[in-house]
Amino acid sequence: MNKHYIALWLLLLTAFVAFAVSSAFDLPEIAGHQLKSSEIYDGIFGQSEIENFDLDGDTCFTVPDIDKPESIFPVPCDSTAQIIMLVGDSMLEGLGPRLAAYADKNGHTLYTVMWYSSTSEVWGKSDKLKSYINRLNPSYIFICLGSNELFVSDIAKKRDKYVKKILADIDTIPYVWIGPPNWKDDTGINDLIKSNTPEGAFFLSNGMSFERSKDGAHPTRTSAAEWLDSVARWMPQHALHPILLEVPEKSAGKAKRIFVHQPSEQ
């Protein structure tokens with residue numbers, strides 16, 4: 001009697017294995033009916049996490065990273081003509097002519113607003129930035145500020161509100177803030193700017209190699225031009241709002257108009 005039960009269980013087990021294996025695949029059409037997988041195989045043995053198994057070539061493993069958001073970069077370049085406003089301190093003496101050459105090459109119009117010895121505090125306490133924005137109606141802004149604030153102690157506490165005021169004045173206008181060309185380690189101005197700007201809106205200049213003028217701080221005109229070239233090379237892959245900046249044949253140009261303010265002005 002036991003032998004009969006054993007034979008019966010073996011028969012059932014054989015039928016079950018055959019059914020499970022066949023259920024893993026779509027079967028041929030029989031009598032006009034397409035037999036489909038019952039998917040019982042996946043339910044019992046689990047579905048493979050390997051996707052795109054290529055029998056004719058290499059095996060491709062696709063393992064999605066659900067915890068890591070997809071990067072938005074590079075962002076499509078805006079190739080339309082821009083009204084550019086370059087704003088900042090005396091570093092604009094070197095950056096301005098090179099940016100003007102880029103503007104001429106790419107069909108942009110450049111206005112330069114240079115405030116000697118200025119800082120984020122000076123601009124933040126003033127309404128000059130907002131006034132120039134209303135007057136010139138720029139579609140793109142480059143800022144270069146921070147060189148006169150490299151060694152301010154407790155800078156996050158002292159200057160954070162002024163950096164925020166500058167960015168509030170810019171509002172929704174696309175921009176890039178070009179960080180200062182450090183000649184020594186700073187006390188936090190670069191970190192302060194970076195913490196207030198979205199990814200792709202701050203260009204870190206600290207760590208770059210510059211040839212300096214006699215004061216030991218300002219890059220030479222040639223080095224400043226290379227500095228601006230670095231910004232232009234960075235933009236296509238890393239800027240939040242890249243614009244057309246093809247390399248110009250000439251080394252320098254002239255802004256449509258240059259506005260200059262002295263340290264004593266408020």
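Predicted model: local features only at pLDDT ≥ 70, side-chain atom pairs only at ≥ 80, totals over all residues.
**Figure 1. Lining of the largest pocket.** The volume of the largest pocket is about 160 Å³. Its lining consists of Phe73, Lys194, Pro198, Glu199, Gly200, Ala201, Phe202, Leu204, Trp234, Gln237 and His238. Among the contributing elements, helix α8 (residues 221-238) gives the most to this lining, with 3 residues. By class, the lining residues of the largest pocket comprise 6 nonpolar, 3 polar and 2 charged.

**Figure 2. Packing of helix α3 against helix α8.** Helix α3 (residues 92-106) and α8 have axes that come within 8 Å and cross at roughly 55°. Angles from 65 to 115 degrees count as roughly perpendicular and those under 35 degrees as roughly parallel, and α3 is therefore oblique to α8. The crossing of these two helices is right-handed. On the α3 side, the contact involves Glu93, Gly94, Leu95, Pro97, Arg98, Leu99 and Tyr102. These residues meet Arg221, Ala224, Ala225, Trp227, Leu228, Asp229 and Ala232 of α8. The contact of α3 with α8 is made up of 9 nonpolar, 1 polar and 4 charged residues.

**Figure 3. Packing of helix α6 against helix α7.** The axes of helix α6 (residues 155-170) and helix α7 (residues 189-196) lie 10 Å apart, and the helices pack at an angle of about 40°. The two helices are therefore oblique to each other. The crossing in which α6 passes α7 is right-handed. From α6, the residues in contact are Ile155, Ala156, Arg159, Asp160, Val163, Lys164 and Leu167. Their partners in α7 are Ile189, Leu192 and Asn196. The contact of α6 with α7 divides by class into 6 nonpolar, 1 polar and 3 charged residues.

**Figure 4. Lining of the largest cavity.** The model contains 1 cavity of 30 Å³ or more. Val87, Trp123, Leu129, Ile141, Ile143, Leu145, Ile166 and Ile170 form its lining. Strand β5 (140-144) and helix α6 each supply at least two of the lining residues. The lining of the largest cavity has 8 nonpolar residues, with no polar and no charged residues.

Notes. Residues numbered from 1 in each chain as written. Heavy atoms only, no water. 1 Å grid on protein atoms, 1.4 Å probe; cavity = no way out; pocket = protein on both sides within 12 Å on 5 of 7 lines; lining within 4 Å. Points joined across faces, edges and corners; volume = space filled by probe spheres on them. Helix = DSSP H or I, 4+ residues; strand = E, 2+ residues; numbered from the N terminus. Nonpolar A, V, L, I, M, F, W, Y, C, P; charged D, E, K, R; others polar. Axes fitted to C-alpha atoms, helices over the stretch in contact; angles between N-to-C directions. Parallel < 35°, antiparallel > 145°, perpendicular 65-115°, else oblique. Left-handed = near helix turned anticlockwise from the far one by under 90°. Contact = heavy atoms within 4.5 Å.
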